[in-house]
Amino acid sequence: MLFKVTSVSFSGLTTIRIDVEVNIADKGLPTFEIVGLPNKAVAESRERVRTALINSNLKFPLRRITVNLAPGDVPKYGAFYDLPIAVGILSEIKGFHIPESSIFFGELSLDGSLRHTKGALLAALFAKENRMDSIFVPEQSANEASVVKGIDVYPLKDLNQIIQYFDSKIEIKPTIYQSPVQEKQGTVDFDMSEVMGQEQAKRALEIAAAGGHNILMIGSPGSGKTMLARALPGIMPLLNEDESLEVTKIYSSAGNIPPGGSLIVTRPFRSPHHIISQAGLVGGGTHPQPGEISLAHRGVLFLDEFNEFPRSVIEALRQPIEDGKLTISRSLERVTYPSRFMLVAAANPCPCGYLNDETRKCTCTKREIIRYRKKLSGPILDRIDLHVDVPVVNIKKLSHGFSNSNKNETSSEIRIRIAKVRDIQKERFKNELIHTNSEMKNKLIRKYVRLDSNSTSMLMDAAKVFQLSARSYLKIIKLARTIADLEQMEDVEEKHIAEALQYRPGVIE
Amino acid sequence: MNYIDIKSTEYPYLLLQIKDPPPRLYFKGDWDTTIFTETLSVVGSRRMTRYGEIITDNLVSSIAGAGITIVSGFMYGIDAQAHNAALEAGGRTIAVMPCGIEKIHPEYQLDLHTRILNNNGLVISEYPGDTPPALWTYPRRNRIIAGLAPILLVIEAGIKSGALITAKIAKRYNKKIFAVPGPLTSSVSIGTAILIKHGSQIVTGAGDILTEYGKTNPEELFSKKELYGVNANQKEILKILVDEPMGIDDIARSVGKQISEIGADITFLSLKNHLTLNGGKYYLVKEVKNVI
């Protein structure tokens with residue numbers, strides 16, 4: 001007899017419908033075959049399904065079982081066809097009816113229970129878009145799938161429960177979406193108030209976080225670059241609803257949502273180590289998976305020891321920084337992942353690390369420093385809006401002169417300011433395709449940044465004195481826009497340009 | 001190929017006084033004998049510190065500004081800084097190469113090489129063509145540097161350094177040696193301290209050297225810079241920087257203001273050329289220091 005179960009297949013973030021056809025023939029030698037371009041994980045489904053059925057005290061039919069995953073020319077990946085295949089076989093054994101307008105999705109364990117499976121959110125979204133009634137997913141993935149409103153998400157424990165449900169012996173209540181426990185920003189490693197000194201670096205991070213600007217921090221070992229970067233998530237406002245869904249989709253497709261987890265509300269913070277491969281950073285594989293840049297979408301990509309990353313890996317960042325997305329083309333698939341992230345890079349000032357340090361002497365020769373800087377320079381630096389020096393803090397100097405009590409603001413105080421600036425930008429760009437000041441291109445800069453004559457002449461002077469390139473010039477204007485937004489000023493004034501110039505590329509020698 | 005033979009009347013007189021003058025001097029640029037009338041040799045470490053950089057700029061710019069030719073060895077560090085400072089002050093400078101005259105060593109200082117030649121300076125060497133530099137050509141070159149001027153100024157030097165070798169040669173030639181004092185914690189100030197201990201003159205300002213040439217320190221003639229357009233807050237920043245150079249965080253803490261405000265003020269002051277940024281710290285320019 002032939003049974004049809006509906007499931008899905010993923011290619012990047014797009015989902016297509018897959019009909020899982022299970023045919024159990026009365027004639028022929030007993031076999032169990034899966035056809036329809038299954039990859040290794042799909043083909044191994046046979047063993048999982050057979051064993052799970054037997055371990056659930058069900059009789060596995062010794063007949064000729066053929067499973068077809070249609071359409072047959074699309075390669076299938078993943079272990080989530082276990083459930084639809086098992087349901088197809090069970091309906092033969094137990095003779096229950098499989099609901100037509102439902103998607104089955106989940107990986108089986110050998111004991112017959114269902115495991116947390118990646119991609120549940122994408123499957124649920126697909127069900128909703130195609131006006132289906134319900135989706136059956138493993139219990140631990142139900143929270144994730146229930147983010148999608150308007151369809152019933154049935155959480156499943158194991159095979160026996162499924163049988164009882166279809167025999168109408170028990171009832172399974174659809175999971176009701178529970179907004180994620182507002183993971184307090186306490187999950188952040190450091191609070192900004194814990195960082196001693198470094199007022200300029202903190203201010204720079206505030207501006208960067210407010211306008212989504214990329215930032216480069218240069219300083220000696222131990223000056224606090226890493227600590228500052230780790231404190232950054234604490235000052236970033238939470239994701240809004242749209243952003244949250246965008247991010248969760250990527251995480252769902254990469255299998256980065258923990259069992260029982262649901263919507264991601266905090267901004268991602270990714271800090272890959274410098275031994276990362278190009279595919280690891282930007283994404284890749286024959287069945288392309290998202291890379292760190294996509295996992296950092298709407299959040300922060302922190303590259304510590306920026307100089308140590310291979311040149312080719314760094315250069316691969318250029319296009320995604322410009323476009324906010326990256327298309328990975330392979331012979332069988334072409335996948336686009338979004339990658340609108342804020343780049344935070346940190347590096348030592350010279351090979352030994354102690355250039356300009358007050359306490360330790362730099363042992364590098366000029367030539368070594370020039371060679372080291374060459375690795376830093378180039379088109380990627382051109383795409384970084386803020387350059388900031390992070391000197392080693394002299395504790396003695398800190399302790400006196402701390403009379404100003406408002407100096408050490410906490411992360412949440414800063415976050416409130418930043419959230420306001422994000423709102424201003426949302427309002428400003430409501431008719432544009434961008435979210436933040438940093439994404440403005442020439443045309444939008446002219447449209448949204450009005451400069452008075454004082455500001456213009458200051459920029460002209462600065463271009464001469466500081467030898468700014470045309471691109472740096474525009475970056476200064478974008479930064480000044482964010483600085484003015486922080487003061488909630490309509491127009492960019494001279495003083496905003498002046499402050500923005502503190503973060504120009506040449507400020508670190 | 002351009003060279004001056006030892007028999008030529010245009011051969012630098014001072015170089016004839018040494019024991020083993022090079023028989024031929026290959027050169028680039030226009031050979032104008034007036035460049036050798038008043039000369040000062042400047043040597044120092046390749047590992048120039050910020051201190052060395054600032055002192056070189058201060059001393060050499062005043063001396064070269066007074067019309068004295070600066071002779072040095074074109075190496076990166078103090079040498080290159082000295083050539084640079086001389087050029088900035090509008091003076092002439094001579095680079096003595098340790099390699100063939102056609103070679104530029106180090107190569108990445110091509111720009112400096114061009115600027116020396118474009119500003120009536122000279123590049124000279126006793127080696128023709130593109131002879132590569134070798135360990136033994138450096139001390140040979142140093143004798144030319146020491147020989148070309150009546151006075152040698154050592155700015156920073158390690159214990160075993162080319163600068164000290166040059167000083168030794170200069171002593172043998174009975175040249176006057178001036179050395180710049182520096183902190184004893186710095187390895188490149190030990191060499192100059194030793195020189196001072198053994199009887200070299202200590203330098204406390206460009207005037208010390210200029211009087212040797214019968215000139216007064218032009219620094220005293222500097223017009224005081226007018227501070228117009230500087231508001232009270234900015235003036236306060238300038239005052240704080242008189243005592244010691246500071247980074248921006250320290251300035252903000254000393255003045256007791258928000259970093260955003262200080263940042264804007266610092267940009268104003270930098271654009272007006274009242275401040276210079278060097279190694280993460282802000283320094284007052286000389287003219288402003290005289291006013292505050």
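A: In chain B, the centres of domain 1 and domain 2, taken over C-alpha atoms, are separated by 34 Å. Domain 1 of chain B covers residues 3-220 and domain 2 of chain B covers 232-291, with bounds that come from an automatic or database domain assignment. The model is a predicted one, in which local features need pLDDT of at least 70 and side-chain atom pairs count only at pLDDT 80 or more, while totals for chains, interfaces and linings use all residues. Residues are numbered from 1 along each chain as its sequence is written, and chains are lettered from A and ligands numbered from 1 in the order in which they are written.

Asp208(B) belongs to helix H8 (residues 206-210) of chain B; helices (H or I, at least four residues) and strands (E, at least two) are DSSP runs, numbered from the N terminus. Asp208(B) is partly exposed because 15 other C-beta atoms lie within 10 Å. On this scale a residue is buried with 20 or more other C-beta atoms within 10 Å of its own, exposed with 12 or fewer, and partly exposed in between, the C-beta atoms being placed from the backbone. Not counting residues up to four places away in sequence, Asp208(B) touches Phe178(B), Gln201(B) and Val203(B), where contact requires C-beta atoms, placed from the backbone, to lie within 7 Å.

Between them, 16 residues of domain 1 of chain A are in contact with 19 residues of domain 2 of chain A. Strand E1 (2-11), helix H4 (120-129) and helix H5 (139-145) of chain A are the elements that give two or more residues to the domain 1 side. The residues of that side comprise 8 nonpolar, 6 polar and 2 charged.

An open sheet of 5 strands has the order E11-E14-E17-E10-E18 (chain A), with parallel pairing; strands pair if DSSP finds at least two bridges between them. E11 and strand E18 (386-389) of chain A stand at the edges with a single partner strand each, so one side of each has no neighbour in the sheet. E10(A) and E18(A) pair in the parallel sense over 4 bridges, and Leu216(A) stands opposite His387(A) in E18(A).

Helix H8 of chain A lies across E10, E11, E14 and E17 of chain A, running at about 165 degrees to E17(A). Such angles run from 0 to 180 degrees between N-to-C directions, and the axes are lines fitted to C-alpha atoms, for helices over the stretch in contact. This helix spans residues 225-235 and is mostly covered, with 8 of its 11 residues buried. The buried residues are Lys225(A), Leu228(A), Ala229(A), Ala231(A), Leu232(A), Pro233(A), Gly234(A) and Ile235(A). Their cover includes helix H7 (199-211), strand E10 (215-218), strand E11 (269-270), strand E14 (300-303), strand E17 (342-347) and helix H17 (411-428) of chain A.

Strand E4 (residues 64-70) of chain A has a covered face of Ile65(A), Val67(A) and Leu69(A), and an uncovered face of Arg64(A), Thr66(A), Asn68(A) and Ala70(A). In a regular strand the side chains alternate between the two faces of the sheet. E4(A) pairs with strand E2 (residues 14-25) of chain A in the antiparallel sense over 7 bridges, and with strand E3 (residues 31-35) of chain A in the parallel sense over 5 bridges. Within E4(A), Thr66(A) stands opposite Asn23(A), while Val67(A) is the bridge partner of Ile34(A).

Terms used: Contact = placed C-beta atoms within 7 Å. Nonpolar A, V, L, I, M, F, W, Y, C, P; charged D, E, K, R; others polar.
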